[in-house]
Amino acid sequence: MTPPRPRRDRGLVRPYVVTDGRAHPTRNTLDLVTLVTAVSGRSLSGLSPEKRRVMELCRGGALSVVEVSGHLGLATSVTKVLLSDLVDSGHISIRPPIPKAQLPDAQLLQEVLDGLRSRF
Amino acid sequence: MTQHIPEAVFWCLATAAPAAVLLVRQSRISARLRRRLTSSEAALRSREEEVRHLVEVRLAALVETPHGAASVPGPLDAELATTAYGANLEKVVEMFANAAAAARSRADQSAKTALKGAVRALQALANEQQLSISDMQDRHDNPDVLRDLLEIDHANAQFGRRAQAIAVLCGSWPGRQRDASPLIDVVRGATSRIRDYRRVKVHSQMETAVVSRAVEPVVLAVAELLDNAARHSQPNTTVEVGIRPAHNGASIIIDDAGVGMDTHEVEEATRRLSGREDIDINRLGDPPQFGFAVIGVLAARYGFSVSVDTQSPYGGVRAVLFLPNTLLERKAPVEPAAARRTEAPAFPSGTASAGEAAGEPAAPTAPALSLPTARTSPAEAAVRESTAGGLPKRRRREPRPLTPADGATPTDSGPALVRPATETASRMSAFARGTRSGRGASQDSEGNPQE
């Protein structure tokens, strides 16, 4: 996290008001790079302004948790509380980041290469 | 011998007659003297009474009441008041009143000055602490740590509000220049600063924002009202806040289900809320009740108004804070941090390809000049590489004013995957420019990792 980070006026609404005093997300499956997508067709009524913004942000496609927190100008731990609420209420869906394709071991490749070279 | 008798009688009469006359005169004089004595005794007594009344009642009242000679009881003897003596007494009262008022204002002034200085230091500390708490919240990604930080944050916010309130009463500014903020954020900001913030429920029907200069005072005033509402109602009740449009402004309506106020309290509150009354900080009671006084000062200074004379449908008090249009912006503001960054206007989406060739001097992106060009960290390089491929798929279907703005967010861990292509293009060109100009300007190899 590099220091120059755009902040909206963060001093105004404090995070405990945003999370209603909670610090623990209802689920611990959220990671910094977990991808978040808005579930379409959900009513936004009754959501807090931050949650509405999450929905707006995620409508265009998947965002990672850390991106959402950056856009909201909230700490990631606070964002996780919000996101797990939204998952509970069915407003967003999450999925773990796509793992890197399993590539064969570099050493194995090297050996194959060496073998091929020695052959031809 | 007998001839002596008439002579004797004559002589007797001759002496008795004057004696009788003298006696009569004497008795008259003494009667008159007695009368005079009693009357002057009475006068003396009444003057003594008057002086005692002056010292024990009138001057004492003058010391007690802050409102000067007007509220002091009159003299005992109305007749005496017309005499020179009475006039002198009045003069004494007047001089005493003036001296007392001067002393009081001097004391008030010096108390205010001393308090202002002390409180300003506290305010600065509270702000500083809030910043470091925010940084800690960013830094730690552990719910247990966050819970503790939230508690500290909450306590600090209340502390800051108290300091601010005292500062305002002492004639200082509320401090903290803020950006124009939506009304709902203003109310929630106020909610952040009271103890029972979880009991406050905000319902908003408006998108209106409060102008920059009025944000902090309105937050402070609403916080004081909310604090009153929460403090004077049962812990299991909620404090309902509504934000409604009004004829030429907007109202913030705060309802509590508490005990309410009696007529006298309402009068007192209205007087303080008017802001016309001089606040004597020595007379706010112990513990000092400065909530309404602070609101009054702020309302008078910034031109909003507050009333608490209605009963809430929930049984308690309904406080209404009315904001005139002069303090409102009709449109929800683009967040200013955003506004600064959107100065690079939207590019035709074709220029997105410029992002892929970021190493090249991407020509058509002149406005990007205004972006900070100095940041040539390796993280930026990573951004460039990861951006090029997946971008087009991830562009916002519904670009909001904010999204392009926040682009400068984390330069870490590749969140740039989601940046709109236009912005990436502008950044990349800015980056390229920066690299070039950096190379041109200096000999060191700072920029080398990029090419």
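1. Let's start at a strand pair: B:Val210 sits opposite B:Leu328 of β8(B). Strand β3 of chain B (residues 209-210) runs antiparallel to β8(B), and 2 bridges join them. Strands here are DSSP E runs of at least two residues, helices are H or I runs of at least four, and both are numbered from the N terminus.

2. A word on the basis: this is a predicted model, in which local features need pLDDT of at least 70 and side-chain atom pairs count only at pLDDT 80 or more, while totals for chains, interfaces and linings use all residues. Residues are numbered from 1 along each chain as its sequence is written, with chains lettered from A and ligands numbered from 1 in the order in which they are written.

3. Back to the sheet, which is open and has 3 strands in the order β1-β3-β8 (chain B), paired antiparallel. Pairing requires at least two DSSP bridges between two strands. At the edges lie β1 (181-182) and β8 (328-329) of chain B, each pairing on one side only.

4. B:Val210 turns up again in the largest nonpolar core, which has 90 residues; B:Val187, B:Val210, B:Val218, B:Ala221, B:Val222, B:Leu226 and B:Val294 touch the most other members. Such a core is a set of buried Ala, Val, Leu, Ile, Met, Phe, Trp, Tyr and Cys residues joined through C-beta atoms within 7 Å. Helix α6 of chain B (residues 212-231) supplies the largest share, 12 residues.

5. In α6(B), 17 of 20 residues are buried (20 or more other C-beta atoms within 10 Å of their own, with C-beta atoms placed from the backbone).

Terms used. Buried ≥ 20, exposed ≤ 12 C-beta atoms within 10 Å, placed from the backbone.
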